[in-house]
Amino acid sequence: MNEFAKSYREAKDDATRVAVFEDMIFWLNSTWLAARITYAPRGSPDLNPEEAFQEKKVRCTDLTISTICLLRTFGIAATSVRCPWWPKENSNHTWACVMCPVRHKWLDIESGLPGEKNEKYFARYRNEKNKPIAKAYRVVPGEEGGVVRKTLMIPEGEFWPQSVDRYLVLKPMVDVTSEYTRTCSVVSKRNLPPGTLMYLAVWNDNRWSAVAGARAAGDGSITFEQVGCYDCRYLFAHCVGGGLQPATQPFTLCEDGSIRPDPMPDLAEVVVVASERTAKDPDWKELVDALVKKHGAVRVTYNQRIDEVRLDVALRMPRYVLFVAPPDEASRQFVARVHQFTRALDLDPYGDALWGIVTGYTAGDAMKLVDAPTSLPVRKCIAGTGGWGGQVEDFTGYSEGEQGVMWRKEKTDTAPKKLECAADTTKDFVDALNGNGIDMMWTSGHATERDWQIGYSFPSGALITEDGQLAGRTRKGEKLPIETTNPKVYFAPGNCLIGNIADPNNSMCLSWLRAGAVQFAGYTVPTWYGYMGWGIAEYFFQLQDTFSFSESFFLNNQSLLWDLERGALPADGAGDPKGSRKGHLYDRDVVALYGDPSVDARVVRVTAPRFDQTASVSENKEEHGKVRISFSIKMNRKETLPRPAAFIFPRRLKNFGELKHDATDLLLTDSFMMMSFEGELKEGETRSATLVAEEMKQDDVFLGPLGLEEGRPSPREIVEAHNKALVLLGQKDPESLKQALVELEKILKADNREVTALYNSACAWSLLKDKAKALEYLERAVDAGWNDWKHAQVDTDLETLRDEPAFRSLLDKMGKRNEGEEHPPAEDGKTTGVEIMKCAKCERDLGGMDKRAAFICVEVMGDEYIYSYWFCDACKVYTSEVYHDRFDGESSKNRRGPISREEGDKLVELIKKCPDPARKRCECEAHQRFW
């Protein structure tokens, strides 16, 4: 390092200093550092520099931090660049960069690679074609360009999606994408409330990841600037419940900035979701494959959280979602995330798919669901409580509150009979289950993740799990193996914790799945409120065969959500039989449904339900594309309904209209409808609703159609296009003028009312002798706000338009709009926009532009100057005018004089030597001498 420092000090020019500096960085990185620490994509994460040097092989972020620390040790300014999508890894990537002290530019280095494999900097990457980088951000160690900001401005209380790289949110960043790839701006025209936060998501590592954020402008549009082109796949998204919700159809941003809508993914009745870890495990992969084959399903995989694939599932519009999760993944938190996930597949707060968690002690246990029947008629049931026995064909129930009491109902009975039974009924349960004839079992009372206590208010036996095997344990401690295998449903509406997989080796729900349960519903937390547990029975038992068990689970949860949305619940429910907001929130995400939700487990009707309901969705022949919905209920007994009447649509609907109903309150979502009623309904009373709707299409998952403009040039490209166009305009030859129009169109693509680009386009077309096009663009410029009639009337670029009535009319229009400017009258009394120069000595009229003795145009640092000279015959002096156009919407004009005849004659004579005095960049001797 001392040798490098000496060479740097002794260098005689900047080029040598740069070369020495680069050699020094290269040596530090590829020789010294590479011998001690290297990059490994799957290395140990989250290490400090000391740990990194001990570990030797680390991930990019830790390697980059170590590299920066090393460089700063030697006084070298260093920071990092973060690329949320790195095509070489199909993932994100971070690297170090150093500030060159001579050129004052950031130089990128790929940290820790051996010299023979490492080119010094990423210049090779910047100069390649087809660089599909979506975004690149540089961490700002201090102020850069006078601005320090966070990339995604997230206000307090507002959340960002889990798939957003937290690095981009928590660090002060500068967007440097345009330094690495061609970029453009992408705009979505939407009528969104100003300030609405949206995300730009890119297809990355088989999932959608948010890489940038922006807020809606005052007109409701959303603009993302400096977006990487080269066939990157994007969509705009919202954050809903911690995950991404699509707001536009996926699209590809092509190299030329054009937008190509991506084909929509195929719709799927069933989607199977699994983690990458699960999908790669041979046994669990076999299960996933089998479920996909059985249901004709689409598989979707995620890396760490199911939120990552919410967009992919939403685009499929599924009716059922099966979450495959080994027991170590199927935690209480996972259950809550599944609830939240399935509520956020569109923008309403309600569930959008029936779901179940497919799990088991082993993949082999879970594989039993593949062989499960598609339907399960519920006839014979056993229960640890007496409720709902009259709603099934065959029922045996044991009292949890009164020892030695049971109920029995056979097929021929109209109601359960109360009977005496043994004090300890453990053996009765075991024998009934081992007979493999039970279709459903439901329980209440004390429970944990490992057992269920048969008696609630008295000592009795229990059903337990040991080593993954169900068994009965009598009050005396005798163990009775349970060996049932037939398909069944286990319903635990009142048991604490029984649905929680705390110990993957001993779990009641896993043991029941091993014992043939195709569906298992139970609390993952202690239960004290019970709405989400007991309420399932209101749809499943009380309405008989109207709904399957998974539909009843779904509807009860929607009823809970509707109560919350209506906001009519008391805060804590003290003394209120309808419950409380506190209880609803407690129950909302804590009851799990394990198993396959598509299995149609349904009560065989044996008695009149609480009410009969009829529902239909029929084509409306009078209006193509619309359907008519009819829904009605008829009460079979006098009753106050504890849950809303409901109808799950056979397909998703939208744009509801012509609504007529006699409910107290009505809920309409794309997936279902609910009707609630205040007070008691009488026997025989009917209530109904009719309406018209349209079938929901895949586009309707979003806020509306794609609504994207073609990719706009980035601000940097707009400035470059302006400068390039001015140079080309000044050359005046046809080919240069055509190229200037290409550059100007880039600007107009970003803003079709960009006034300077419109005016310069008019000039280009005028110079090309195309009067119609020139007038078209000039009129567009005037409509967009161009009002500098004084410049337009003397601009030699518009010489071909001088005699056109339309040109004079546009000059007049500019003059009238130019408030405060005097617009001299023409001889016919009408304003023409032609200015009359007055002598600087006697104020006589010297005429307009056509009376000039000479004029010449020059360009200085991009600005245009027009020098014009008039001669006064009366005073024998010249008057000069200097017009200065800055091309930023502002211009100035100054009259000078009087100028002596001798001096003026010399200038006019010099100007007349130029073959084209209107050419701003003419390199003739006259232009050079004049300036």
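**Entry 1. Conventions.** I took axes as lines fitted to C-alpha atoms, for helices over the stretch in contact, with angles running from 0 to 180 degrees between N-to-C directions. Helices (H or I, at least four residues) and strands (E, at least two) are DSSP runs, numbered from the N terminus. The model is predicted: local features need pLDDT of at least 70 and side-chain atom pairs count only at pLDDT 80 or more, while totals for chains, interfaces and linings use all residues. Residues are numbered from 1 along each chain as its sequence is written, and side-chain values use heavy atoms, with hydrogens and water left out.

**Entry 2. Overall counts.** I found 25 helices and 47 strands in the protein. Of its 931 residues, 56% are buried, where buried means under 20% relative accessible area, exposed over 50%, and partly exposed in between (1.4 Å probe, protein chains only).

**Entry 3. Helix 2 and helix 4.** I looked up the axes of helix 2 (residues 14-33) and helix 4 (residues 60-73), which come within 12 Å and cross at roughly 125°. The two helices are therefore oblique to each other; angles under 35 degrees count as roughly parallel, over 145 as roughly antiparallel, 65 to 115 as roughly perpendicular and the rest as oblique. Ile 25, Leu 28, Trp 32 and Leu 33 of helix 2 make the contact with Thr 67, Leu 70 and Leu 71 of helix 4, contact meaning heavy atoms within 4.5 Å. The classes are nonpolar (Ala, Val, Leu, Ile, Met, Phe, Trp, Tyr, Cys and Pro), charged (Asp, Glu, Lys and Arg) and polar (the others, Gly among them).

**Entry 4. Helix 20 and helix 21.** Helix 20 (residues 755-767) packs with helix 21 (residues 771-784) at an angle of about 160°, their axes 8 Å apart. This makes helix 20 roughly antiparallel to helix 21. Among the residues in contact I list Leu 758, Tyr 759 and Trp 765 in helix 20 and Tyr 777, Leu 778 and Arg 780 in helix 21. The contact has 10 nonpolar, two polar and two charged residues.

**Entry 5. Helix 24.** Which residues of helix 24 (residues 901-911) are buried? I found Gly 904, Val 908, Leu 910 and Ile 911. They cover an arc of only 160° around the axis, which puts them on the same side of helix 24; the arc is that of the directions from the helix axis to the C-beta atoms. On the other side, Glu 902, Lys 906 and Glu 909 are exposed.
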